[in-house]
Structures are given as structure tokens and as C-alpha cells.
Amino acid sequence: MIRKLLVANRGEIAVRVIRAAREMGIQTVAVYSNADKHAMHAGLADEAVALGGSTPVETYLDIGKIVGAALSTGADAVHPGYGFLSERAEFSQACIDAGLIFVGPSASAMRLLGSKAAAKALAVEQSVPIVPGHFQVGASPAELKAAAAKIGYPIMLKASAGGGGRGMREVRDRSSFDDELATAADEALKAFGDGSMMVEKLVDRPRHIEVQLLADSFGNVACLFERECSLQRRHQKLVEEAPSPYLSTNEPMWEEMQGAARRLALASGYVGAGTIEFMVDEPAGKFYFLEVNTRLQVEHPVTEAVTGLDLVHWQLRIASGEKLNLEAGLMVGDRRDLKGHSIEARIVAEDPAAGFLPSTGRILAWAEPRTPDIRIDTGFGPGAEISRYYDSLIAKVIAHGKSRGEAIDRVRSALLDFHILGIKTNIGYLIDVLEHPSFIEGRIDTGFLGREFANWSPGPIPPELGVIAAFAEKPAASDSRANLPTSAWSAGDGFRNTVKLTLLA
């Protein structure tokens with residue numbers, strides 16, 4: 001049993017893991033950079049260790065500092081969260097070598113599945129369909145270009161060593177190949193420390209559907225249904241849901257897909273929580289293996305909502321040597337055990353009206369919705385500083401309902417009731433996405449946002465907030481506030497709140 005857990009991450013995932021551990025009676029240790037000295041996760045843990053420095057390389061990517069912090073505080077286990085070192089086999093091995101429990105798969109499983117090229121080779125061995133491509137590790141630019149010509153354009157360039165949309169580029173013709181490859185490889189090198197690339201045939205307008213796994217060290221694997229992650233901007237997921245509206249009417253494909261995911265997990269000796277990602281060619285009625293994420297996913301809460309499980313609890317239980325013991329229907333992926341529908345919307349500190357430029361600075365005010373069937377995962381609040389050093393994700397809004405329509409209504413209402421001052425966010429953009437007729441009907445694919453929202457701009461004040469504005473109090477002329485705007489929406493300071501309005505900072 002784990003007694004003391006070091007959480008090797010920051011932001012909402014660090015907060016999520018710390019809270020889950022404390023619920024299980026496990027002591028917690030946080031690590032933090034200079035930029036995160038006053039961050040929520042650092043104050044929430046039982047202990048906190050300063051890593052020194054602010055950049056990811058100086059802090060959350062420094063294996064020596066992380067392992068040293070665990071040993072110096074007497075922690076007996078390390079949870080990597082997601083991002084940073086979470087999919088680095090050398091980190092998993094360093095923890096084991098130091099006598100620590102690594103809450104995740106073994107280094108050998110991570111090497112096999114974390115490398116897209118090796119994972120695709122395993123998929124072929126296990127009769128899991130893959131998209132035609134060239135997946136040789138360490139392929140040279142000339143080899144990749146020749147492979148692209150043989151496969152036929154359009155093609156997709158992908159980083160061999162990581163995921164999350166980084167190091168990915170669509171290439172429509174030969175003339176742009178060299179520039180796109182250089183850009184993708186540089187991005188992959190900065191994100192994963194490895195610029196190796198691979199090339200595969202591009203499937204136009206695919207759906208992105210992934211299967212959530214839990215696997216123990218006794219050979220038990222549960223496929224906890226799927227998540228639809230097709231709403232992406234530049235390969236970055238923004239809205240996820242469970243179950244998929246497509247697979248909800250295509251159970252035979254679900255059975256094939258979960259069978260493929262289970263074979264890959266068993267063949268690799270996988271232990272812990274993981275995700276098998278697939279691309280679905282809807283017109284052809286086919287699916288193809290994409291990659292394995294050897295960690296917990298950002299979007300894991302929607303799976304928790306429709307299964308009633310706590311995936312972080314199960315990560316810790318499996319790492320402690322427990323046997324996976326779920327309801328019979330969950331163990332075999334019986335869709336009759338699905339509990340309604342869940343949708344997650346990611347709030348990022350970016351300005352959609354200005355090309356999604358990052359927004360940094362101090363959060364001046366923060367008011368989140370507090371209603372039934374709404375969950376907020378965040379590591380931020382009033383007074384928190386949004387740093388330029390890290391990912392722009394600041395919160396996730398997760399809604400649960402008896403039906404997909406109910407979940408859509410609830411997540412939209414929650415976003416309307418989420419107010420953040422001091423930085424720009426994408427909440428107005430998310431509301432418009434959720435209101436789009438094609439999304440409501442479930443007619444989506446990975447290119448949906450790029451086509452339908454390429455020229456998005458903030459619209460008028462939503463009716464719900466217009467009522468509030470109409471009743472805003474106007475101060476008397478003698479009041480010191482008389483020179484201030486009479487309502488938040490008349491402020492001229494350039495800030496925008498989460499529902500596309502200019503607000504007083």
C-alpha cells in the first residue's frame with residue numbers, strides 16, 4: 001500500500017491527484033517551480049518541495065530533481081500526472097531504480113507503446129488495423145519524403161515520441177513537405193526531447209475515438225468504453241464526450257474496437273490506466289489504430305462520470321498491487337452499464353478572437369458554477385498567476401446528464417456561469433461550438449472546428465447575461481465609483497470575460 005505520494009506535476013492534474021490520494025488516506029508531496037510558488041497544488045499537499053527555476057526543463061522535466069524530492073521527503077511512490085515526464089520510460093525506470101513505486105506502466109511497456117512506430121508494429125502483429133504509412137524509427141528526411149510520395153498525398157506528419165497534437169502537420173502536396181517536416185520535427189524536439197518523425201496517409205474528416213483502459217498486474221484488462229475527442233483545434237482537443245454519439249449507434253464497431261484495445265494491452269504487458277486512440281473513417285465504416293497514451297488523459301473525467309469510477313483511485317490501487325475488481329459489465333465493456341452521457345469543455349487562457357494568442361497575467365476574479373451534475377477541475381483561482389512557461393489549460397468543465405442533449409444543455413449553462421477576470425479565455429468560443437447545429441446532431445470530425453469556426457469572432461451578449469446588465473446598479477454622481485463604467489459590459493479596458501464580453505478588470 002502506498003503511504004506517501006509525490007505528485008510530479010502542476011495545475012489541475014496535480015490538484016486532482018493530491019485530492020484523490022488524500023481521500024485514500026495517503027500523504028502527499030507537491031513539487032513546484034519558482035513560477036508556481038503560490039500555486040494551488042503547492043498549498044494543497046501535505047508537503048511541498050521547491051525545484052528551483054521556472055522553465056519546464058529546469059523543473060518538471062528534471063528527472064533528478066523529481067526523484068530527489070521524493071527520496072528526501074520519504075515518499076514511496078510517484079504519480080506523473082500527464083504531460084511533462086508522464087510518458088518518459090526513463091522517468092519510470094529512474095523511479096523504480098530509486099526504490100519508488102511508479103504509478104503507471106513499466107518502462108518496457110512505455111518504450112513499446114510510447115513510441116508510435118513500435119506501437120504500430122505491435123498493432124500489426126495483433127491484427128489491429130492501421131493507416132498505411134512509414135513508421136521506421138529514426139527515418140531520415142529523405143526517407144520520409146520518399147515514403148510520402150509512395151503513399152500519396154495528402155499525408156500526415158507525426159512525432160514518433162509523443163502525442164497531444166504536438167509535432168503533427170498535414171501536408172497536402174510535395175512542395176510544402178520540407179518546411180512542414182522541419183517545423184513538426186522542431187516542435188517534437190522541444191516538447192518530447194526527440195525530433196523523430198513518421199508519415200502516414202491522411203484520412204479526410206475522420207472521427208477521433210479513444211478507449212479508456214484499466215489493467216492490473218494479474219492479467220485483467222477492463223475497456224471502460226470510449227470517448228469522442230473529434231472537436232480539436234490544430235490537433236489540440238477542446239471538447240470531449242462519453243460515450244461517442246457515433247458508436248452509440250454502432251455497437252458492432254465498439255466490440256471490434258474494445259477487442260483491439262484489449263489485445264494491445266495484453267500483448268504489451270500493460271499495467272495501470274491508459275488510452276488506446278483510434279481514427280474512424282465514418283463513410284467507409286472502418287477504424288484505424290493511432291497511438292497509445294501511457295498515462296491518464298486530460299479528458300478522463302467524462303469516463304468517470306459514465307462509469308461511476310474514480311480512475312485516479314484505481315491507478316493508486318493497482319500500483320499498490322491490488323487486483324482489478326469492477327462490476328462484471330464494466331470488465332467486459334457491456335454498454336448496458338453506461339450511466340448517461342458526459343461532456344467536458346477545456347477552458348484555456350487564450351484569445352480566440354486574436355488567433356488564440358496566449359493570455360498571461362494575474363487572475364483578478366474567479367467565479368465558477370456550483371450546480372448539480374457539474375464538476376470543475378482546476379488548479380487556479382483568484383490571484384493565481386498564468387505563466388508563459390506552461391500549458392494554457394486552466395480549467396475543465398464536466399457535465400453529466402441522462403442523455404447527450406441534457407449534458408450539452410448543462411455544460412453550456414455552466415460555461416455561461418463561469419466568470420474569470422484579468423485574462424482572456426476561450427469560453428465564449430466554446431459556448432458557440434456547443435450551440436452549433438452539427439455538434440448538437442453529433443455530426444462532427446477532427447476538421448470541424450477548422451471549417452466552421454475559422455473566422456470566429458465574439459458575438460452579442462448572451463440573453464442570460466443581458467438581463468443582468470439591464471439591472472446593473474448605477475452609482476450616484478457623488479459616489480467615488482461614478483467615473484467607473486455603469487456595467488461590466490461598458491468597460492473599455494480591452495479585457496473580455498468568459499462569455500465574450502468586455503469586462504472591468
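Two strands pair if DSSP finds at least two bridges between them, and strands (E, at least two residues) and helices (H or I, at least four) are DSSP runs numbered from the N terminus. This is a predicted model, in which local features need pLDDT of at least 70 and side-chain atom pairs count only at pLDDT 80 or more, while totals for chains, interfaces and linings use all residues. Residues are numbered from 1 along each chain as its sequence is written, and side-chain values use heavy atoms, with hydrogens and water left out.

**The sheet**

- Five strands form an open sheet in the order E3-E2-E1-E4-E5, with parallel pairing, and its edge strands, E3 (47-50) and E5 (101-102), each pair on one side only.
- Strand E4 (residues 77-79) runs parallel to E5 and is joined to E5 by 2 bridges, with Ala77 standing opposite Ile101 in E5.

**Around Asp445**

- Asp445 lies in the loop between helix H15 (437-440) and helix H16 (448-452), and Asp445 is buried, with a relative accessible area of 8% (buried means under 20%, exposed over 50%, partly exposed in between, with a 1.4 Å probe and protein chains only).
- Leaving aside neighbours within four places in sequence, Asp445 is in contact (heavy atoms within 4.5 Å) with Arg205, Pro206, Ser230 and Arg451.

**Cysteines**

- The count of disulfides, defined as pairs of cysteine sulfur atoms within 2.5 Å, comes to 0.
- Cys223 is in no disulfide, and the nearest cysteine sulfur, that of Cys229, is 15 Å away.
- Cys223 counts as buried at 0% relative accessibility, and Cys95 is buried with a relative accessible area of 0%.
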